[in-house]
Amino acid sequence: MPAHFSQNALLLSLLLGVGQLQAAEPASPKAVATANGIPHPAVIAHRGASFDAPESTAAAYKLARDLGADYLELDLQRSKDGVLFALHDDNLQRTTDVASKFPERKNSPANEFTLAELKSLDAGSWFNTAYPDRARPAYAGLQILTLDEVIDIAQGNPRHKPGLYIETKEPKQFPGIERDLKDKLQDRGWLSPAGSKLAKSELAVGQGKGKVVLQTFEKSSLQKLQEEMPQVPKILLLWVAEGSIEPQSKVKFADSGDQDKATFYARQQPKDNAAFEQWVDFAKASGAIGTGPSATRSDLGDQSYSNLVQPWMNRYTHDLGMLVHVYTLDDDVDFKSVMDAGVDGIFTNRASELLSYYKRPATGTVAQLLELNGF
């Protein structure tokens, strides 16, 4: 073969190789978010605006909506009589008056109560006691909300319709909850066709493909959510512990000598890089479009956990073409830290602060919006 033919063949093979390398480059996180109808960076109101109002109540969700949060986040459970409702804890004692209303059942799981029993509980007064500086008389008597009621709130402001960011909470307690959720979202018109785009503006989340994001800590629930709703964006939540990402140390908090859990969590690390990567790989293989890792708060306060948003971790996730939505941060110093590390959205109890950090001004102050909504 003449020399110039072999040189041309070599050049062609090199060009093809470069083309293949370029084709293999993952989409940018912003492009991934846009393709899924998810704002970038995303403001995810954790249990609503739960710093300023009782978590998972109408006050917290209406405030988050009217501030302009992209998503109302909720933990999904199912009542004894089969109704889907929003509550974080398995037990009702922290956020209701179950001990006085049903003293003999105060330690029972929430799913052992009927909807009527759940609705009879005061889910707001505890907040006034715990946070007297943020107390409001109208919080007393607030009720636990059904998923239907949260959807009504999300649809209730014509100027801004946030999406829903729904966690299947302890899904093994609720066999079939993934199908129940699909049926409810379908009934309410919240399962958009796969090709639908964001409507009107980038912030019209509740009208586009990304109007619902599904999240879970459970691998099996992620797979079931993918089977039931393959077109809906999904997030695998990440946690360091036995049964989740394998930790370096097997010492439990009770044996650690640490005075508080935040200090204990701050020292928890994955056993090695592979222990972290395995969970991200599983998320990708199971249809998730991103992960929801924990973060360590600078003040080591409540909701401060292991630091799973180290830059190398975010790079690994991004290299797989996936997003990183971190939980749960409330202060500018932490917002800056995780954004610098490369995250694509933040779960926050203080939607007002995160919106301000992103230079997305709210339509009013927290106090003004609460009062407009009757609180």
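Predicted model: local features only at pLDDT ≥ 70, side-chain atom pairs only at ≥ 80, totals over all residues.

Reader: In which hand does H11 pass H12, and which residues of the two helices meet?

Author: The crossing of H11 past H12 is right-handed. From H11, Asn273, Phe276, Glu277, Val280 and Asp281 take part, and they meet Trp312, Met313, Tyr316 and Thr317 of H12.

Reader: Which residues of H12 are buried?

Author: In H12 (residues 311–319), the buried residues are Met313, Asn314, Thr317 and His318. Viewed along the axis of H12, the buried residues fall within an arc of 130°, so they line one face of the helix. Arg315 and Asp319, on the other side of H12, are exposed.

Reader: Against what do the buried residues of H12 pack?

Author: Their partners are helix H2 (29–35), helix H11 (273–285), S8, S9 and H13. Just after H12, glycine 321 adopts a positive phi of about 75°.

Reader: Let us turn to the strands. How many bridges join S8 to S9, and do they run parallel or antiparallel?

Author: Strand S8 (residues 290–292) and S9 run parallel and are joined by two bridges. Within S9, valine 324 is the bridge partner of threonine 291. Between the two strands the chain passes through helix H12, and this β-α-β crossover is right-handed.

Reader: What joins S9 to S10?

Author: S9 is joined to strand S10 (residues 345–348) by two bridges, and these strands run parallel. Histidine 325 stands opposite glycine 345 of S10. Together with helix H13 (residues 332–341), S9 and S10 form a right-handed β-α-β unit.

Reader: Are the faces of S9 covered or open?

Author: Both faces of S9 (residues 323–326) are covered. Leu323 and His325 are buried on one side, and Val324 and Val326 are buried on the other.

Reader: Why does histidine 325 count as buried?

Author: A residue is called buried when its relative accessible area is under 20%. Histidine 325 has a relative accessibility of 1% and therefore counts as buried. Among the residues that histidine 325 touches, leaving aside those up to four places away in sequence, are Ile38, Ala42, Tyr165, Ile235, Thr291 and Phe347. The C-alpha atoms of histidine 325 and valine 309 are separated by 9.3 Å, the two residues being 16 apart along the chain.

Reader: Where does serine 108 lie, and is serine 108 buried or exposed?

Author: Serine 108 lies in the loop between helix H4 (98–101) and helix H5 (115–119). Its relative accessible area is 16%, so serine 108 is buried. Not counting residues up to four places away in sequence, serine 108 touches Asp90, Asn91 and Phe113.

Reader: To close, may we return to helix pairs? At what angle do the axes of H8 and H9 cross?

Author: The axes of helix H8 (residues 177–187) and helix H9 (residues 219–228) cross at roughly 35° and come within 9 Å. H8 passes H9 in a right-handed crossing. The contact involves Glu178, Arg179, Leu181 and Lys182 of H8, together with Ser221, Lys224, Leu225 and Glu228 of H9.

Definitions and conventions: Residues numbered from 1 in each chain as written. Heavy atoms only, no water. Helix = DSSP H or I, 4+ residues; strand = E, 2+ residues; numbered from the N terminus. Buried < 20%, exposed > 50% of the residue type's maximum accessible area, 1.4 Å probe, protein only. Contact = heavy atoms within 4.5 Å. Pairing = 2+ DSSP bridges. Right-handed = clockwise from strand over helix to strand, strands pointing away. Arc of directions from axis to C-beta. Left-handed = near helix turned anticlockwise from the far one by under 90°. Axes fitted to C-alpha atoms, helices over the stretch in contact; angles between N-to-C directions.
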